[in-house]
Amino acid sequence: QVQLVESGGGLVQAGGSLRLSCAASESTFSFNLMGWYRQAPGKQRELVASVVRGGSTYYTDSVKGRFTISRDNAKNAVYLQMDSLKPEDTAVYYCWGTSVGSYWGQGTQVTVSS
């Protein structure tokens, strides 16, 4: 069973930075696509950023220029560097990956205070 485990969430003031990490139980090279979703209270889960095996990335408009996704296949990890954080970035962030199936982490809370 593939496992994805997130870490790095926490409480930060607006304008601050956090780096989320996602450790995979198998080689991330086996994942065609990996990314980060988030879900704020009362809202639907949304895709924040993704990266394909070849390195091309996608960002939702609200985080472009502030968040950076990266993957390190040698360390079986995916990262989300979040800068210039805003209160509206507050959510539970989930790591996600697709290979032969689709896999989710348990989520990590990010809270941005104003």
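**Talking through a predicted model**

Modeller: Counting cysteine sulfur pairs within 2.5 Å gives 1 disulfide. Keep in mind that we are looking at a predicted model.

Colleague: Happy to. What makes Cys22 and Cys95 a disulfide?

Modeller: The sulfur atoms of Cys22 and Cys95 are 2.0 Å apart. The cut-off for a disulfide is 2.5 Å, so the pair qualifies. In general terms, such a link is a covalent bond between the sulfur atoms of two cysteines.

Colleague: And what is the handedness of the link of Cys22 and Cys95?

Modeller: Left-handed, with -80° about the S-S bond. The pair ties together parts that are 73 residues apart in sequence, because Cys22 belongs to strand 3 and Cys95 to strand 9.

Colleague: How do you know whether Cys22 and Cys95 are buried or exposed?

Modeller: Set the values against the limit: buried means under 20% relative accessible area. Cys22 has 1%, so Cys22 counts as buried. Cys95 has 0%, so Cys95 is buried as well.

Colleague: Let's turn to Met34. Where does Met34 lie, and is Met34 buried or exposed?

Modeller: Met34 sits in strand 4, which covers residues 33-39. Its relative accessible area is 0%, and with the limit for buried at under 20%, Met34 is therefore buried.

Colleague: What makes a set of residues a nonpolar core, and how many residues has the largest?

Modeller: The members must be buried residues of the nonpolar kinds, such as Leu or Phe, joined through side-chain atoms within 4.5 Å. The largest such core has 28 residues, and those with the most contacts inside it are Leu4, Trp36, Phe67, Ile69, Leu80, Met82 and Tyr93. Several strands each supply at least two residues of this core, among them strand 4, strand 5 (46-52) and strand 9 (91-98). The largest share, 4 residues, comes from strand 3.

Colleague: Which residues does Met82 touch, not counting those up to four places away in sequence?

Modeller: Met82 touches Gly16, Ser17, Leu18, Leu20, Arg66, Phe67, Tyr93 and Val110 on that count.

Colleague: How about phi of Asn76?

Modeller: Phi of Asn76 is near 55°, again positive in a residue other than glycine.

Colleague: Where is Lys75, and why does Lys75 count as it does?

Modeller: Lys75 is placed in the loop between strand 7 and strand 8. Exposed means over 50%, and Lys75 has 60% relative accessibility, so Lys75 counts as exposed.

Colleague: One more place: what lines the largest pocket?

Modeller: The lining has 13 residues, and Arg38, Ala40, Lys43, Glu46 and Glu88 lie nearest the centre of the pocket. About 180 Å³ of space lies in this pocket.

Colleague: How do the lining residues of the largest pocket divide?

Modeller: They divide into 2 nonpolar, 4 polar and 7 charged. Asp, Glu, Lys and Arg count as charged, so Arg38, Lys43, Glu46 and Glu88 belong to that group, whereas Ala40 counts as nonpolar.

Methods:
Residues are numbered from 1 along each chain as its sequence is written. This is a predicted model: local features need pLDDT of at least 70, side-chain atom pairs count only at pLDDT 80 or more; totals for chains, interfaces and linings use all residues. Side-chain values use heavy atoms; hydrogens and water are left out. Buried means under 20% relative accessible area, exposed over 50%, partly exposed in between (1.4 Å probe, protein chains only). Contact means heavy atoms within 4.5 Å. On a 1 Å grid over the protein atoms alone, a cavity is a set of points where a 1.4 Å probe fits but cannot get out, and a pocket is an open set with protein on both sides within 12 Å along at least five of seven lines; lining residues have an atom within 4 Å of a point. Grid points are joined across faces, edges and corners, and a volume is the space filled by probe spheres set on the points.
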